[in-house]
Amino acid sequence: MTMSDDAVSSVRMEDLTKRFGDVVAVDGVNLEIADGEFFSMLGPSGSGKTTVLRMIAGFEEPTSGRIHLGGQDVTGRPPFARDVNTVFQDYALFPHMNVRENVEYGLRVKKVPRKERAERAEAALASVQLSQFGERSPHQLSGGQRQRVALARALVNRPKVLLLDEPLGALDLKLRREMQIELKDIQREVGITFVFVTHDQEEALTMSDRIAVFNEGHIEQVATPAELYETPASSFVAGFVGTSNLLTGAAARSVFGRDGTFSIRPEKITIADSGARARGRVASVVYLGSVNHYLVDLDAGGTLTVLRQNQHGTADQVLAPDQPVGLTWADEHVIDLTPTSGSHQKETP
């Protein structure tokens, strides 16, 4: 999703900077998020993504820069004066209240009349498919159900922007993957802007319209999931988003005939004796059921990771360690990541 020139962004950050003493947590971030977009901020711990989310929510004040929500400058406003709600990893449900009372709580604080409060709470529970759980206590729910109650409690206030701070991090892997699909379905149904913070690349790739990859307080790239994976803008993005092979120095000169930094995704490489573009020996083999994961030491120096599907269904098709192999790939699958001078941030058009 891209923004037209005359569209009002849901969230806009201008030269946003946050310092904690001598530490620069966020360094001059510029970013626009479209209305109704599922936008993820992805990066390792300490990259600045959560600090940005907290500044959007009003929990942290920027050292410099501006934040706009729906075209209005909200930089100096407290959290309660911003049309946003935040969902955290720990859910923070009130144990002494049932599900419906938890969802209604924010409306009670705002002194919304009882009839309207009940109607809006019921609609919010329906949007997360929990209409029949209103009378239950939080401790009677599964982790995924508690997470959906936390979403309903945020959605009942009808915010323009919903901020989600690693909300699936406490769930087990199977439930987390189920909730990724549910969360995107909920976002499509309610139609509001979701700003999602995660360090999990699979979560970001699964749910997002666009993703901003953070690194050391900067944004390395803003792009759709497919663009981010297929055409990373830097070595950091290539390595952080999925598994990537990087060849530099003598290995790059030998394989590609010139200096630089080059990336090839493991699934783009084919093991083939004829037409090999590089040769080497199998250093290690990891059997993963549907695929085999090979680490190949190249004769030219460097190593490449190769994924090969198990299409024949027999164990004797698995290559053995130290076995010589030839590797080939298509030119269009080689990404030139040779560093150039310029901005930290790149947005894929």
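This is a predicted model: local features need pLDDT of at least 70, side-chain atom pairs count only at pLDDT 80 or more; totals for chains, interfaces and linings use all residues.
Let's start with the whole thing. The C-alpha trace spans about 75 × 50 × 40 Å along its principal axes. Of the protein's 349 residues, 46% are buried. The accessible surface comes to about 16900 Å², and carbon and sulfur atoms account for 48% of that. As for charges, there are 37 positive and 46 negative ones, and their mean positions sit 6 Å apart.

Now think about how the chain meets itself. Take the contacts between residues at least 6 apart in sequence: 64% of these join residues at least 24 apart.

Next, step inside. The largest nonpolar core has 33 residues, and the ones touching the most other members are Val103, Leu151, Leu162, Leu164 and Leu183. Which elements give two or more residues to this core? They are helix 2 (99–109), helix 3 (114–127), helix 4 (143–155), strand 7 (161–165), helix 5 (173–190) and strand 8 (193–198). Helix 4 supplies the largest share, 6 residues.

Leaving out residues up to four places away in sequence, Val103 touches Ala121, Ala124, Leu125, Val149, Ala152, Arg153 and Val156. Apart from this core there's another one, made of 27 residues, including Met13, Leu31, Phe39 and Val161.

How values were computed:
Residues are numbered from 1 along each chain as its sequence is written. Side-chain values use heavy atoms; hydrogens and water are left out. A nonpolar core is a set of buried Ala, Val, Leu, Ile, Met, Phe, Trp, Tyr and Cys residues joined through side-chain atoms within 4.5 Å. Buried means under 20% relative accessible area, exposed over 50%, partly exposed in between (1.4 Å probe, protein chains only). Helices (H or I, at least four residues) and strands (E, at least two) are DSSP runs, numbered from the N terminus. Contact means heavy atoms within 4.5 Å. Accessible areas come from the Shrake-Rupley method with a 1.4 Å probe; for residues, only the protein chains shown count as cover. Lys and Arg count as positive and Asp and Glu as negative; His and the chain ends are not counted. The place of a charge is taken as NZ of Lys, CZ of Arg, CG of Asp or CD of Glu.
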